[in-house]
Structure formats: structure tokens, C-alpha cells
Amino acid sequence: QLQHPSAEVREYACASISKLLQQKHVIPAFLQRDVVRCLGPLLMDHSLAVRETAAGALRNLSACGGFEVCDDMVTKDIMTPLVALLKECSTGLDANQLSPKKCREMNKNYIEDIANEAINLLWNVCECNNTAVSIFNKEGCLEAVLHYMKKFSTNVDLAISVANCLQAVTEDNPDLLSSFNASAQQALETVMLCPESTMKHILLRTLIAGTIWNIKDTIPPGSLGSMVNAILKIFSESLAIDAGETIICMNEAEKKRLKLAAEAETEENITDVIDNCVLIEDDDMEEIPKGKVRRENDISDLLPSDKWELKEVTALLMAQQTALEIIVNMCCSEDPSDDEWEELSSSDESDLFMENSYNEGGGLLMSPLCLSDEVNSAFLNNLIPKKILEKTAFPNSVALDICMHNPSWKPLIKKLNAVQCRALTCLHSILLVSDVDCLGGAAALQSLAQHLSQLVFSKTELPTDTEFLEAITSALRALLQTMASKNISQCMTPEQLLALCEAGIHSTNASVRVNVVSILGISGSVLAKGQDTAETLKMIGKFLLEVAMKESSLVVAGEALDALFDVFADGKEAEKAAVEIKLLPALKEFQPVFKMRMRKEGKRQYSTDQLCVLDNVKMNLRRFIAYQETLGKTPT
């Protein structure tokens, strides 16, 4: 059917394939039949409708198939027709010269709709495949893609697709930076400063802000400060909106809209019934033949219905998730020069974060930009406002109930949880690069520890979701390490810590298991300095010993050993507990086992960095055993 001489048949075939490709289990069968090479040429079909549906089918294939499928698409040269399509659409965008009379009659802009599908396809393959990014650079696709951005005021959906693509292709792509001349930067800045307040426009501005952060090396030093503050302002705008309340309001708006539509349809049906009665009577009760009515668009049922309220909420959640992810990236970024930060800190817009600082009950009160000698903390010391902390809380229960009982809104639950996890990851990153004073001091950290404890223990059962567990344990680990380094008392009880570790150690995610044993090591080392803590230290020691000896991952086992070294490094209570759990003989017996596992599993299963860490653990194990032996020989 894809080769049929009729354009309508080819369009229907593309649409049918597009629908089927949304089911992951059928993708291998289509790949075996070389679906990429079958659909690729149709991107340049004489029929615009075929181009659009072919691009949509390939977009679904790239989105649902994942990295390996995208690699296969690039190998089978999908980029050649795709680049040609993008450039041709870009040329005809303003004049819309390729749009036939039929398109105008249907009130449909085929050029922009084709471009939207093509840009999404380009985004997907470039995000997964470096060769696609290289082709993007070599073929000068940036100019064509930026040309589509000019339609942002009339076609925000197309602009969002372009912004997603730009953020993907500008990440870690120094070869593209030279293409961002003054005109290109001006185009991005124009979009970033657009005043529209819809959720889609907030998402658009957030994505463009992320793109500008990716190309910050092209911005003159004198302008960098104001540009970063503009980025922060956009993130602040996005994170300030309560997603739960937005869901409640938008759901109510949808109900009202549907009610009005139903009432209007009822009135129309009554009129139709009256007219039909007259018609049937005039025709002497002749039966109207069935199956004669043909819908104007045979593939309309394959496309999602127009749910603007749901789309607005989805856009908001994507904007918030994106903003938090970019902040995490900023934590790992290299420093600008001192002069640039001096200009940044003196900008009026930096006052924004003074207003939004967390100052509730001795919370995280931030200066606008606490300049620091540390590489990354200079920029991030102002990024713990109240808004980010609010996003770490569990989603609004009323909003969750709405989503749970509305099938089309149910996917929002996953997005709400994703925002919470990104906020926790963001908090973790900020804790790693900020000093205690800039975080608000001891009281603020204790308040934050209490907040994170409530997230873990507020429900009857401990959390089991892997993504949440990784995010919350990472944040707790960074926070407790910071507090321990400054001798700040911790709020979590040993019983709570052990309960968390018992839950986390059974996670299938190795990062969660690493985090919980590290948390136990940090807390245990603090307890070892106190009095009457030997019994608790015994429980911690037994737990860590069992993990070290039974854990399937050498990385987690090594972390457990490191935690043991920290807990039993010093202190009378630690010495007492170590003797009672027979720590020394247990470690001496385990030492050759650990060495043997490293020889057998090391090079086959672990990276060079991981092996370097494990070598240090092996060396520290030998030293710790020697240290414990000296303690046994020391007179009491």
C-alpha cells in the first residue's frame, strides 16, 4: 500500500503503520520488513498528506523504539530525506507556496504540520545518535530549524518541538557553537522574552533558556550575567506554579467545556430529529441507506482528541521537570570568570531569589548569589529557593485523585512523580556544591533533614519506587554528609535509618543500595563519637557486614566496607561494638574472598573508575585489619 499509485491509499497505509508503531512489541516485525527504507522516500512524496503521515510514523518509530532503533534509522540513511524535507519546508514556510487549495479549505497548514512531525523525528534521532548530530552540523540544519521558530507567536506547538530539538542538539556540541551568530542568538532571545502566559509558552521559554545555557560560551562575557539572570527568572516563573492546583482548576474547566458542548450537541440533535422526521414523512417512510456517510478525514480517529486543558497541565509539568534538570546540569558546569560573576551578582534581577528564599522557621535563607572560591558553588548558592523545596513534597492528593479516576489524565501521575524526583536530585546536587553558611546554617539543614525524613516515613509503608528511592537517598546522603562534616546533630533516629536501609538494600537499583549503606556509614561514624551508642553501633555493624559479604555488586560491597571503616575508625563505643560483633575475624575471613571477586569480576563487569575505587577499598581493608589488630594488642 505504501507503493500504491493513489495518494489516499499511501496516506492511509502510513497512518495505519503510525498507529501500530506505538505498540513496542510490533516494532521488531516492522524493522525486519525494512520499514525505515519503505517510509523514508515518502518524506518527499508528491502528496503533502503522505509526507505528514510518513513523518508521523517515523516519529513514532523513533520515540517508541529507543536508542537501538534510532541508531538503525540513521544507519539506514533516514537523515538524507529528513534533512531535504526540513529544508524544503523551511523554504516554503513563509509563502506557504506548496499548500494547495484543498489545504486552505480544510483550514490546515500542511507545511507547518509536516515540519512539526519532521522536527520531532529529528529531535528523537539526534538525542540518541551522535552521527545524526554530526549530520545536523554538517548540513547546516540550524538555519532551517531556527526559521521554524519564527512561527512561535502563531504556532506554539511547532515552536516547542523546535525548542526541544535545539536543546538536544546544543548539548555537548562545540562544533555547532560557531553557527550561533548574533542573528541566531537574537531569535532565541526574542522567544525567551515573549510575554504570553499560557503553560505552553512557559514550557517554550524554559526550553529556550536551556538551549541558551548550552551555548553560553558564545555569549560575550559582558552579557553573560544578565543572560543567566534571565534564565533564572524563567525557571523561577515555571517552578512558582502549583501543579496540583493547576490540575484541579484545569479539570474543572474541562468539565465545564464538555458540559457546554454536550448541551449544544443536544440542541443540535433535537433540530436534526425534527428535520429528519419531516424528511422521512416526505419520502413516504423510505429507509435511509446505511454506510453512505464518509468522514472528511479517514485517519482522524488515529490522532489524539483536542484536550487543551490536559495539554496545558502536561506542558507545565514538562517545563518544571526541564527547569530542574537544567539546574542539575548547572551544578556540574565549569565556572565563569570572577568578573562575570561580579557582574551577575550585581544584577537587579538577582533580587528575585531573595524574595523566593526559603525562610520558614529558620529555613534556607539565601543571599542572591553567594560568591564562593569553590568551582561550582558560586552560581548555585542562590538556587535553593522555597520553590524547589516545595517540588520535593508529594503531589497534591486531590489532584492525584482526579488523575487516578480520569483515564486520559492518569499519565500525569507519572509526570508529577518525575517532577518530585527531579527536585530531590536538584537538591542533592546543590548540597554537594554549597557550603553550610550559604545553605542557611545548622538550623536550616536540620529543618531540611526533618523534611526529607517526613517524605520517607510519613506513610505507613516505606517507599518502594526505584526512581524516588534513588532521588531521596541521594539527597539524604549529601545532606547527612554535610551535617556530619560540621558536627551538626542529625534528626533521624537510628531506628529510622536502619528501617530505610533495610528497605533500600533490597532495591534492584545499585545506586539506591550504595546510597543507603553510605547513609548508614555517615550516621554510624557520628554515633561512634557519642556515649552509650555501642548497641546501635552493633546493629549497624552487623548490617554492613552482611551487605559486604552477601551483596552481588562489588561496588555496593565496597561501599559497605568503606562504611564499616568510617563507623569503627575511632571511639570507645566503636571499639566495644567491634569486639562484640567479632568484626576483626569476620573481615580477616572475608579479605581473600573480596580479592578473589575483584580478580574474577573486576575487568569484565566494572569501569576503570569503579575499579580504581575498589582498589582503594582493598587497600583500606588491609590497613583497617592491621589497625584493628593493634587495638587488640593495646593494654586496657
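Lys-307 is partly exposed, at a relative accessible area of 25%. Here, buried means under 20% relative accessible area, exposed means over 50%, and partly exposed lies in between (1.4 Å probe, protein chains only). Lys-307 sits in the loop between α15 (243-282) and α16 (308-331). Helices (H or I, at least four residues) and strands (E, at least two) are DSSP runs, numbered from the N terminus. The model is predicted: local features need pLDDT of at least 70, side-chain atom pairs count only at pLDDT 80 or more, and totals for chains, interfaces and linings use all residues. Residues are numbered from 1 along each chain as its sequence is written, and side-chain values use heavy atoms, with hydrogens and water left out.

Lys-307 is in contact with Glu-254, Arg-257 and Ser-408, leaving aside neighbours within four places in sequence. Contact means heavy atoms within 4.5 Å. Lys-307 and Glu-254 are 53 residues apart in sequence, yet their C-alpha atoms are 8.0 Å apart in space. Helix α16 has 24 residues. From first C-alpha to last, α16 reaches 35 Å, close to the 34 Å expected at 1.5 Å a residue. That expected span is 1.5 Å times one less than the number of residues in the helix. Of the 24 residues of α16, 18 are buried, so this helix is largely enclosed by the rest of the structure.

The protein chain as a whole has 32 helices and 0 strands. Of its 636 residues, 50% count as buried. Among contacts with a separation of 6 or more, 76% join residues 24 or more positions apart.

Two packed helices are described by the angle between their axes and the distance between the axes. Helix α8 (residues 110-128) packs against helix α11 (residues 156-170) at an angle of about 20°, with the axes 9 Å apart. Axes are lines fitted to C-alpha atoms, for helices over the stretch in contact, and angles run from 0 to 180 degrees between N-to-C directions. The angle makes α8 roughly parallel to α11. Angles under 35 degrees count as roughly parallel, over 145 as roughly antiparallel, 65 to 115 as roughly perpendicular and the rest as oblique. From α8, the residues that meet α11 include Ile-119, Leu-122 and Trp-123. Those of α11 that meet α8 include Leu-158, Val-162 and Cys-165. The residues of this contact divide into 10 nonpolar, 4 polar and 3 charged. Ala, Val, Leu, Ile, Met, Phe, Trp, Tyr, Cys and Pro count as nonpolar; Asp, Glu, Lys and Arg count as charged; the others, Gly among them, count as polar.

Two further helix residues are buried. Leu-424 lies in helix α22 (residues 412-433) and has 0% relative accessibility. Not counting residues up to four places away in sequence, Leu-424 touches several residues, among them Leu-452, Phe-468 and Ile-472. Lys-538 lies in helix α28 (residues 534-550). At 14% relative accessibility, Lys-538 also counts as buried. Apart from neighbours within four places in sequence, Lys-538 is in contact with Ala-577, Glu-580 and Ile-581.

Most residues other than glycine have a negative phi. Asp-77, in contrast, has a positive phi near 65°. Asp-77 is found in the loop between α5 (67-75) and α6 (79-92), and is partly exposed at 42%. Asp-172 also has a positive phi, of about 50°. Asp-172 lies in the loop between α11 and α12 (182-192). At 73% relative accessibility, Asp-172 counts as exposed.
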